[in-house]
Amino acid sequence: MNALENAMIEKARDLLEKGVVKRVVGWERGEFAYDPSPATFESAQSLESFVYNDFCGANLSKYLIKVSKNEGKTAVFLKPCDTYSLNQLIKEHRVDREKIYAIGIECQQKLDHFAIEKIGIDGIREEKYDGDEAVFHCVDGEKRAKKEDVVLLRCLTCKSKKFAIAEDTVVLHEMTESCGDRFEEVRKLSGMTADERFAFWQNELSRCIRCNACRNVCPACTCIKCVFDNPKSGVAAKANDVPFEEQLFHIIRAFHVSGRCTDCGECSRVCPERIPLHLLNRKFILDINENYGEYQAGEESEGKTPLTSYQVTDVEPGDAVRKGEDR
Amino acid sequence: MQEVNTENEKFVPNIVAFCCNWCSYAGADLAGSSRLSYPANVKIVRVPCSCRVNPTFVLKAFQRGADGVILCGCHPGDCHYVTGNYYTRRRMALLFSFLDYLGIEKERTRVEWVSAAEGAKFSAVMNDFVRQVTALGENKRISDLRVKEE
């Protein structure tokens with residue numbers, strides 16, 4: 001991975017020194033090996049703290065909304081699945097295409113530090129992949145874990161390894177696409193009875209602490225004034241007084257991003273309560289795919305979304321719900 | 001009003017019906033002037049077009065104590081605003097399917113197309129929907145406990 005990081009730093013330095021871009025959005029070294037955080041680099045010197053490793057799961061697209069408002073071009077490092085988010089933002093005119101220099105980067109699945117912690121590995125100093133395994137150099141020696149046990153959920157079912165948008169790429173090795181069925185869980189849930197489903201979601205959603213992390217990180221949640229911050233909307237409660245509050249929050253949020261969600265999985269990645277929020281979004285994606293034709297948000301930077309278009313022969317709502325039952 | 005008869009006799013559900021101004025609301029009017037009855041616990045909310053109904057309206061209705069929510073609009077192709085109800089159709093198909101996915105009984109939600117000439121259909125639909133929701137009982141899964149009466 002080091003060679004890749006160096007290649008990226010070289011690229012960033014080159015762009016900054018030549019004046020092609022004013023700033024680069026990437027990841028900055030954190031306190032520990034497993035907590036790199038998104039950062040903006042404005043000079044070649046500042047690139048010293050630049051880092052790219054298997055813990056860099058964050059999707060940097062959303063930061064561009066703010067950062068790219070500044071004067072000059074902004075370069076950004078995007079993993080293949082992140083490029084879809086940027087494309088969607090361009091489509092929605094949240095980001096000006098002219099002011100972005102997108103650099104596609106290699107991604108060999110990203111790690112989930114919650115999952116690593118869960119299987120009892122901590123004190124990580126360094127980490128690298130070795131075939132199907134991840135090798136961790138910890139304070140108390142070397143530990144190994146199966147990759148599928150420690151990578152982010154979204155990385156088990158790769159959307160694509162294509163770059164939806166990129167001026168340039170930094171790819172040193174071939175990227176392997178994990179090709180699980182991303183709708184498997186959704187179908188499993190759909191096969192349950194309504195009571196079982198309700199119990200499942202009640203159990204998951206009741207853990208919600210309304211920290212709003214899912215909303216803040218979501219590249220599709222870009223409203224300048226959010227309904228959940230508007231006391232007049234009636235849904236802005238910051239605490240969950242009754243079970244309804246968290247249901248309402250998640251239903252509204254999932255519906256709001258339906259047809260625009262690129263399934264980047266950031267919501268589940270950042271959830272401190274480990275609620276599988278991506279399953280809510282995937283339900284919408286599955287329904288859209290089955291009823292209105294295959295659609296991947298962010299694949300194109302223009303055109304209509306499923307909810308802003310229609311067909312005369314669309315399925316009736318009642319039939320759509322019944323169809324979901326039969327699945 | 002006594003048309004609602006199931007085992008669940010004591011329970012009278014709260015039904016919110018969003019009706020579009022041009023077709024279904026006129027349909028309800030016709031039902032009235034034709035002396036066709038529909039349950040009094042159906043509360044009609046008049047909207048300019050069925051696509052005026054934001055999904056949060058439906059959620060809000062449930063939050064505020066509705067046991068069932070029904071949306072009525074012009075038949076597809078007959079929308080006063082030409083295409084409004086096509087959008088409604090997609091939106092509500094997704095929303096209702098999603099509520100079902102969360103385990104909220106799918107019988108609590110419905111979309112029906114009722115034209116201004118279909119007073120009889122309006123009355124039949126409302127009677128049928130009320131019967132369906134009455135059989136289900138009180139909405140407990142997606143309601144705010146704070147608005148419930150003791």
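Predicted model: local features only at pLDDT ≥ 70, side-chain atom pairs only at ≥ 80, totals over all residues.
**View 1. Chain B as a whole, with its four helices and four strands.**
Read along the sequence, the elements of chain B follow the pattern β-α-β-α-β-α-β-α. The radius of gyration of chain B is 15 Å, close to the 15 Å that the globule rule gives for 150 residues, so chain B is as compact as a globular protein of that length. The C-alpha trace of chain B spans about 45 × 35 × 20 Å along its principal axes, and 53% of the 150 residues of the chain count as buried. Among the contacts in chain B with a separation of 6 or more, 84% are accounted for by residues 24 or more positions apart.

**View 2. The open sheet of chain B, made of four strands with parallel pairing.**
The strands of this sheet in chain B stand in the order β2-β1-β3-β4. Strands β2 (42-47) and β4 (109-113) of chain B are at the edges and have a single partner strand each, so one side of each is left without a neighbour in the sheet. From one strand to the next, the twist averages 20°. Strand β1 (residues 15-20) of chain B and strand β3 (residues 68-73) of chain B run parallel and are joined by five bridges, and Val16(B) has Val69(B) in β3(B) as its bridge partner. Helix α4(B) lies across β1, β2, β3 and β4 of chain B, and runs at about 150° to β1(B).

**View 3. Helix α1(B), largely enclosed by the rest of the structure.**
The buried residues in α1(B) are Ser24(B), Tyr25(B), Ala26(B), Gly27(B), Ala28(B), Leu30(B) and Ala31(B), and they pack against β1, β2, β3 and α4 of chain B. Following α1(B) is Arg35(B), whose phi is positive, near 65°.

**View 4. The crossing of helices α1(B) and α4(B).**
The axes of helix α1 (residues 24-33) of chain B and helix α4 (residues 119-136) of chain B come within 7 Å and cross at roughly 90°, and the two helices are therefore roughly perpendicular to each other. Where they meet, α1(B) contributes Ser24(B), Gly27(B), Ala28(B), Leu30(B) and Ala31(B), while α4(B) contributes Gly119(B), Phe122(B) and Ser123(B). The residues of this contact of α1(B) with α4(B) divide into four nonpolar, four polar and no charged.

**View 5. The side of chain B that touches chain A.**
Here 33 residues of chain B are in contact with 33 residues of chain A. On the side of chain B, the elements that give two or more residues are α2, α3 (84-101) and β4 of chain B, and α3(B) gives the most, with 14 residues. The residues of the side of chain B that touches chain A comprise 16 nonpolar, seven polar and ten charged.

**View 6. Helix α10(A) beside helix α2(B).**
The axes of helix α10 (residues 243-257) of chain A and helix α2 (residues 55-63) of chain B come within 11 Å and cross at roughly 170°, which makes α10(A) roughly antiparallel to α2(B). From α10(A), the contact is made by Phe244(A), Leu248(A), Ile251(A), Ile252(A) and Phe255(A), and from α2(B) by Pro55(B), Thr56(B), Leu59(B) and Gln63(B). By class, the contact of α10(A) with α2(B) has seven nonpolar, two polar and no charged residues.

Methods
Residues numbered from 1 in each chain as written. Chains lettered and ligands numbered in written order. Axes fitted to C-alpha atoms, helices over the stretch in contact; angles between N-to-C directions. Parallel < 35°, antiparallel > 145°, perpendicular 65-115°, else oblique. Contact = placed C-beta atoms within 7 Å. Nonpolar A, V, L, I, M, F, W, Y, C, P; charged D, E, K, R; others polar. Pairing = 2+ DSSP bridges. Buried ≥ 20, exposed ≤ 12 C-beta atoms within 10 Å, placed from the backbone. Rg over C-alpha atoms; globule rule 2.2 N^0.38 Å.
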